[in-house]
Amino acid sequence: MKPPPFEYHAPASVEEACKLLGSLEDAKILAGGQSLIPLLNFRLARPRHLVDINRVDGLDRIYERDGGVAVQALVRQAAVEDSKLVARACSLLSDAMRLVAHRVIRNRGTVCGSIAHADPASEVPAVLLALGGHVVARSTQGERTVPAEQLFGGMFETTLAPDEVVIEAWFPGIHDSFAILEESRRHGDFALAGVVRAGEKLALFGVAPTPVLADPRDPTRDLEPSGDVEATPEFRLHLVRVLTEKAFAA
Amino acid sequence: MTTRWFGAPVQRVEDDRLLRGHGRYTDDIDDGALECCFVRSPYAHARITSIDVNAARAMQGVVAVYTAADLPFGGVDLPLLIPHPNLTHGRTQRCLASDVVRYAGEAVAFVVAESRYIAEDAAELVQVEYEPLPVVITPEDAARAEHLVHDDVPGNVAAELLQEVGDVAAALAAAPHRKTLRFRYERGAANPLEARAVWARWSIAEHKLTVYDSTQSPTSIRGGLAVLFGLAESNVEVIAPDIGGGFGPKIMLFYPDEVLVPYAAMQLGRPVKWTEDRQEHFTAVNQERGQVHEVEVGFDDQGRVLALSDDFIHDGGAYTPYGIILPIITAAQVPGPYRVPNYRVRFRDVYTNAIATSPYRGAGRPHACFVMERTLDAIATQLGLDRVEVRHRNLIQRDEFPYTVGVVWQDGNTVVYDSGDYPELLDRALKRLGPRPEGDHVGRGLAIYVEGTGVGPYEGAHVQVLVSGKVIAATGIPNQGQGHATVWAQVVADELGVDVKDVEVTSGDTRRFPWGVGTFASRGAVTAGNAMYVAARMVATKAKQIAAEHLEANPDDLELVGGQVRVKGMPDRGIPLAAVAVLSNPVRYAFGGGTEAATQFAARPRPGPPLQDGEQPGLEATGYYSPPGSTWAAGCHAAYVRVDPKTFRLEILKYVVVHDCGRVINPLVLQGQIEGGVAQGIGGAFYERLAYDADGQLRNASFMEFLMPYATEIPAIEIDHIETPSPLNPLGVKGAGEAGVIPVGAVIASAIDEALGIPITEMPLSPLKLYELSRRNNPG
Amino acid sequence: MRVNGVAHPAPGDPRRLLSDHLRHDLGLTGTHVGCEHGVCGCCTVLLDGAAVRSCLMLAVQAEGHEVTTVEGLTRDGAPLHPVQQAFHECHALQCGFCTPGFVMSVLSLLAQHPDPTAQEMEEGIAGNLCRCTGYASIRRAVMRAVELSRK
């Protein structure tokens, strides 16, 4: 399957990118492309404009601030996986990276892109939620911080405006017990169900339209997962209970 | 004569160019070809009320858009490849549907454009109006026949075949014990990594059609195109270049594109190429494996099978181009390596609103093995006997060959096993498997199978020694990764006493060898391998005759060794094979390369004309091998698995294969075939599933959701083999291409059954399926 | 963009996938296409030395980068690269369609981990599908490649 036609833009700066997003109708940001390009290839996504931000300078740093780790927009997942800084300051995020697809995908995919794409079965948004992190979003109107609890609106939807770019994701450091566990069919697949433990907090992924916080003592309360080829709602609930028990057993 | 190459783990001669990226797969061929895209029905069953291609035709970059109305053969049904008297209601589709579509993915229009990108854009502009009709998806629904797939096929039954050996009714009535069982296999798909592709060019000047096709039978495609387009066969060339995996779906012949692409090339004056993408591979390429079996078995206190009745439904899909070969194979293979003195099997091949079924590696045998193995396990459980002991009591013994099973085989003959040693397979496998690992929820899986291989009608080979001393060989069948170029070279090199690297093999190219059948059903080594042997032997005989005249020796005293023809035991009295090639062609004009020796004033070894009656110039021969019947391979797989009682994840702790494919030409190639087959079997048993919904839509038509195993899902396996040579062919070989996959479902099912204590009677399985089965078994 | 050390212009059409550009515009057909959704790995090439799926990149995105395909590993007539040689010795290819993708993935693995642990080796080949070999021979080839690379 080949992508449908689109107008292609490759801004060289964040300002230019924001200006484009502010002025173009039906535009999507292309960062790592590991989620977007398959959708283009299936012709399930048909944006009129593609704003490729890979040429933007100065967005590829991992650095510490405010007791946590900031990961800028163009930082590849592989870089986070390999980062000694992240391993020291937020080891949960390092562990999570190793569960994301395969290395070859992580070589291109970005952490911020994964958050902005908001796949409900994806690990990184759930880690952000469990840790209580935030993203920094910029548009021509300026910059704002959006905490994880307010970021995910629905399946593949963030609450960000169409003209906002995620320029940075911030993950608080974790020094309590933590774990990320998932059940998937094959190594590297999307999770049928997954849990992130950050201290006494619990976030679930793969079992709701967005990652959700849950009570470790009653993780499936109010949970209504959907069913698909590999897992019925019931099986998902069962897995949530099994994984939560395992995550909090240590 | 000592054999140097036969049986040796020769590294493959074809590897170098494949590793360098110089393979030549059909999509690699451009030559300015136009590219194509199909418009396919999104409905599994619908009436077409209108097709509008005007907008598509008008798009820039689009060269042509075809519907059935545009084709001179638009009303012609594609060939029914394997007719059978019991296939009373066979149906095939047309290249492009115009009236009714019967599976989601059936082709409705064909777009040809400057690039695939543009063709896909144009395809979106084709407007087809459909009136949905009721959909029949499961074999059970098809048999219930509340709705028909074809209006003129009552009960959705394409064919019904009943066979009986002995008197099953009487034997069941008299049996001390009886049991009824039901087994269910869902559809599976082969999914070779290279999807299908066809490239064609029509040369006006030469009046010749050239087609490259990722097919398992170029000779058949050539024959069919010649007939359809009214061309002499000699004006049609079909070449199977490198093929990225076949596994069965590419032996389905005359997919619509195989006709439409050459047609477009003939019409448009430019080469045309169509390359399938993975999504359409899921809906437009044949599948297999759907069957439902109702079994009744009668047995005694010792667990010996006295009578077996199997009544099964075969999911044939929406059309029956491949006839009823698959259920015939299943019916023939249910008894397997066991004595079933009274056997009755009836099948109905039913239509469903899904793509047609045709062989996928195993081709009806996995189901047969599953039925028999699970039945024996059920017998053992009921009697409280050891399942290994029950098998031993039923196995055909080594002194019972040839053993007549009595039902019909896919070549029209009766099933007769030629040789084998089934008890040895079982004993060795269990010995290798060893003791049960510690821990809970561990189960042992076990299955023994037989496999009818090497069917005819025939294959042929041409072998020639060139004046340089190098050897070229060719056969009509193509290869899809089985290492034919190396394996045939080994056979030829042994006969001609040359190095395997000096034998260059061409396969699957009708320009080079126009006769033959195809690569399928584990027949390559048996048929083409023996044809290579026959042809090479003829060349060796001729070489000895010519050399004998020049050496003044008796041909029986000569041998071919090290590129020479020489007197046995006298390495100094010989002439190079290259020189014999020169001498085989009497010439008037020398042109170098030693040809002076063959001119009229050179020493003449015998009186009379240079070519005597019946002689031909050249050191070459064409030979054929036509098997009298199938030769029967066999094997035993055994495994330990652990199933996580909470997540129902499967862990294969150990997997052992002991197999018998007669004499082994190349153990390295064979090992690869078995390892690959087992992996495909594991995929089909626990990871892959074709999730059709009630509307006949395939919900998981992509690699993201159709889960083929990665390396992380496939354990290392141990392989051992025994050799019971085939008495039916000169090389004593049996086929091995499908061996790895056949019993895997039965092995995994029986292992999980034991690990969880839940009866498993269906395929495929998954954590979800095991969760649901365990809940059903232990509610609350 | 540079492909195997040679400069090439990017295609005019931005939607042209890198896999198609390499195969059909540059004639480098060693990189294969199996799914176009990033799962099978047949299209794997190196981008600045690290494995990527060429079916998940637009060709224009490779501008300014160094792409390495299987054809770039060794010249015509020159000996096979140690990874290629290892695959040959271990019979780690049958139809050859997934092979260039595996070779590039193994190269990427060895660039990241020149002396990989068993776990790292398994991870290194975990993202490529093979339908022919059942992976056992490929595992052997990775170990052999490590040996040959050490020499």
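1. **Ground rules.** This is a predicted model, in which local features need pLDDT of at least 70 and side-chain atom pairs count only at pLDDT 80 or more, while totals for chains, interfaces and linings use all residues. Residues are numbered from 1 along each chain as its sequence is written, and chains are lettered from A and ligands numbered from 1 in the order in which they are written.

2. **Chain A overall.** Chain A has 9 helices and 14 strands (helices are DSSP runs of H or I with at least four residues, strands are runs of E with at least two, and both are numbered from the N terminus). Its radius of gyration is 18 Å, close to the 18 Å from the globule rule for 250 residues, so chain A is as compact as a globular protein of that length. That radius is taken over C-alpha atoms, and the rule is 2.2 Å times the number of residues to the power 0.38. The C-alpha trace of chain A spans about 50 × 40 × 30 Å along its principal axes.

3. **Burial and contacts in chain A.** Of the 250 residues in chain A, 56% are buried. Here a residue is buried if 20 or more other C-beta atoms, placed from the backbone, lie within 10 Å of its own, exposed if 12 or fewer do, and partly exposed in between. Take the contacts in chain A between residues at least 6 apart in sequence: 61% of them join residues at least 24 apart. A contact means that the C-beta atoms of two residues, placed from the backbone, lie within 7 Å.

4. **Helix α8 of chain A.** Just after α8(A) comes G132(A), with a positive phi of about 75 degrees.

5. **C112 of chain A.** Is C112(A) buried or exposed? C112(A) is buried, because 26 other C-beta atoms lie within 10 Å. C112(A) sits in helix α7 (residues 111–117) of chain A. Leaving out residues up to four places away in sequence, C112(A) touches A31(A), V71(A), A73(A), V166(A) and A169(A). A191(A) is 79 residues from C112(A) in sequence, and their C-alpha atoms are 19 Å apart in space.

6. **Where chain A meets chain B.** This contact takes 16 residues from chain A and 22 residues from chain B. Helix α9 (residues 233–249) of chain A gives the largest share of chain A's side, 4 residues. By class, the side of chain A that touches chain B has 8 nonpolar, 3 polar and 5 charged residues. For these classes, Ala, Val, Leu, Ile, Met, Phe, Trp, Tyr, Cys and Pro count as nonpolar, Asp, Glu, Lys and Arg as charged, and the others, Gly among them, as polar.

7. **Where chain C meets chain B.** Here 43 residues from chain C contact 44 residues from chain B. On the side of chain C, the elements giving two or more residues are α2 (82–89), α3 (99–112), α4 (118–125) and α5 (136–150). That side of chain C has 20 nonpolar, 16 polar and 7 charged residues.

8. **Domains of chain C.** Chain C is assigned domain 1 (2–72) and domain 2 (82–150), with bounds from an automatic or database domain assignment. Taken over C-alpha atoms, the centres of these two domains of chain C are 20 Å apart. In chain C, 15 residues of domain 1 are in contact with 13 residues of domain 2. On the domain 1 side, β3(C) gives the most, with 3 residues. The residues of that side divide into 8 nonpolar, 7 polar and no charged.

9. **Domains of chain B.** The assignment for chain B gives domain 1 (31–133 + 194–244 + 250–284), domain 2 (359–442 + 631–777) and domain 3 (457–625). The centres of domain 1 and domain 2 of chain B, over C-alpha atoms, are separated by 37 Å. Their contact takes 9 residues from domain 1 of chain B and 9 residues from domain 2 of chain B.
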